[in-house]
Amino acid sequence: MHAADTISEAEQALCGRFQRAIPARANADPHLVWRGRSLRTDCLVQIGSTAFLLRIDAGSIRECLTRLPLLCSWAFAVRGSVEGWAALWQDPPPPGWHDLFALSKRGEMSFEGDLQPFLAHLQYFKDVLALPRQGDAR
Amino acid sequence: MTRAALEPIVGRYVRVPILGEDCRVYFEEAGQGIPLVCLHTAGADSRQFRHLLCDEAVTSHYRAIAFDLPWHGKSYPPPGWQDYEYKLTTQRYVETIRAFCAALDLDRPVVMGCSIGGRIALQLAHAHGSEFRALIGLEAADFQAPWYDTSWLHRGDVHGGEICAALVSGLVAPQSPAQHRHETLWQYMQGGPGVFKGDLYFYRVDADLRGKLSGIDTARCPMYLLTGEYDFSCTPEDTLRTAAGIPGVKVTIMREVGHFPMSENPEQFRRCILPVLDEIRGDRGGAR
């Protein structure tokens, strides 16, 4: 992860927004946790140059680490540009920027690694990664 | 049950010979007048048109009919289906539509299809335009860039219904009402194993119509293309590019709508489709 002074203000703001939403809002939604009940995985979410490691167990996000452990492993990564995440989290998001796959189609997002846990629980991940859109202007 | 609780939709089955196979096809209809045959999207069924079939502004002038393709909804696959992989082809899709219209003895119907139904409307305009009063392509283009590998739709370690719905959920506009969004997705959760993938064989592999749509005569058979601004699968740019090669075609870009206009946001859709249906039946005065 890059030092805070090397990343843009826009990226810092998005990362703050992500951290205010995740894991708290995800874990506070019992139906969302229930929908992820068969899921246990570690995955990487990247906003611009900043990476977060999410450790998920039975639908609960047990950890959201900003300082990645040395040599840490993860099953898959969702990496998006600052512009992509910023657009996705607008309410409503603009056409063509409103979904993870809309962003990947336009080259603003990528999915890497073992995609089975991601795609087997795709709506869960879409809903988790949309949480920063709710009720947070910054 | 009170009469007021009954919807006007009536469902029936018809035996349709399709490429030598005896298919039992389910269809729903409502209204009287010009036949309007509605084609559902890949991996879904005729319920997508339930709002249109209950709209008196449509059914007072049109006999609106929506059928389930074989393998979809309440239409079984043809006998013997268990022994091969389902793949929809251009030929099979065209012949299914023509055979269904012949089975019901429809006289020059209007055909309105969405997504794969929109793509086949383009093919019908190209190859069989004289058989139709007008053609309407919703979310239609001659080609669209793929955005995922369809092999994920049918494999043992991923629930087919869940992934089909989750993938297409992004094609519903954020403004669409929750009830209609989730009814639309429910159909994708209910599709048979491999059916959505088999439909996309037509879409992705067999029906690249770029450069193959010559000779469409919109004076003889008017053509309309309507695409939602939130459709990133068939984008407005895809539709406009396609329309640029069809003289006389009329295009509408629908605001706050995605890939499933008739089912995800019926109110917004009717604002766009009613002027088209009025024009087709010859009322250009804007009765509403």
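Author: Happy to, and please keep in mind that this is a predicted model. Let us begin with Glu162(B): setting aside neighbours within four places in sequence, Glu162(B) is in contact with Gln123(A) and Met189(B).

Reader: In which helix does Glu162(B) lie?
Author: Look in chain B for the element that holds this residue. Glu162(B) belongs to helix α4 of chain B.

Reader: How far apart in space are Glu162(B) and Val58(B)?
Author: In sequence, these two residues are 104 residues apart. From C-alpha to C-alpha, the separation of Glu162(B) and Val58(B) in space is 34 Å.

Reader: At what angle do the axes of α7(A) and α4(B) cross?
Author: A pair of packed helices is described by the distance between the axes and the angle between them. The contact uses Leu122(A), Gln123(A) and Lys126(A) from α7(A), and residues of α4(B) including Glu162(B) and Ile163(B). The axes of α7(A) and α4(B) come within 8 Å, and the crossing angle is roughly 35 degrees.

Reader: Which element gives the most to the side of chain A that touches chain B?
Author: The contact takes 17 residues from chain A and 18 residues from chain B. On the chain A side, the elements giving two or more residues are α5 (100–105), α6 (116–120) and α7 (122–130). That side divides into nine nonpolar, five polar and three charged residues. With five residues, the element that gives the most is α5(A).

Reader: Which strands of chain A stand at the edges of the open sheet?
Author: The sheet has five strands with mixed pairing, in the order β3-β2-β1-β4-β5 (chain A). The twist averages 20 degrees from one strand to the next. Two strands each have a single partner, so one side of each is left without a neighbour in the sheet. These edge strands are β3 (60–65) and β5 (109–113) of chain A.

Reader: In β4(A), which residue is the bridge partner of Gln46(A)?
Author: Strand β1 (residues 40–47) and strand β4 (residues 76–80) of chain A pair in the parallel sense over five bridges. In β4(A), the partner of Gln46(A) is Arg79(A).

Reader: What is the radius of gyration of chain B?
Author: Chain B contains nine helices and eight strands, and buried residues make up 52% of its 288 residues. For that number of residues, a compact globule would have a radius near 19 Å, so the value for chain B agrees with a compact globule. The radius of gyration of chain B is 18 Å.

Definitions and conventions:
Residues are numbered from 1 along each chain as its sequence is written. Chains are lettered from A and ligands numbered from 1 in the order in which they are written. This is a predicted model: local features need pLDDT of at least 70, side-chain atom pairs count only at pLDDT 80 or more; totals for chains, interfaces and linings use all residues. Helices (H or I, at least four residues) and strands (E, at least two) are DSSP runs, numbered from the N terminus. The radius of gyration is taken over C-alpha atoms; the globule rule is 2.2 Å times the number of residues to the power 0.38. A residue is buried if 20 or more other C-beta atoms lie within 10 Å of its own, exposed if 12 or fewer, and partly exposed in between; C-beta atoms are placed from the backbone. Two strands pair if DSSP finds at least two bridges between them. Axes are lines fitted to C-alpha atoms, for helices over the stretch in contact, and angles run from 0 to 180 degrees between N-to-C directions. Two residues are in contact if their C-beta atoms, placed from the backbone, lie within 7 Å. Ala, Val, Leu, Ile, Met, Phe, Trp, Tyr, Cys and Pro count as nonpolar, Asp, Glu, Lys and Arg as charged, and the others, Gly among them, as polar.
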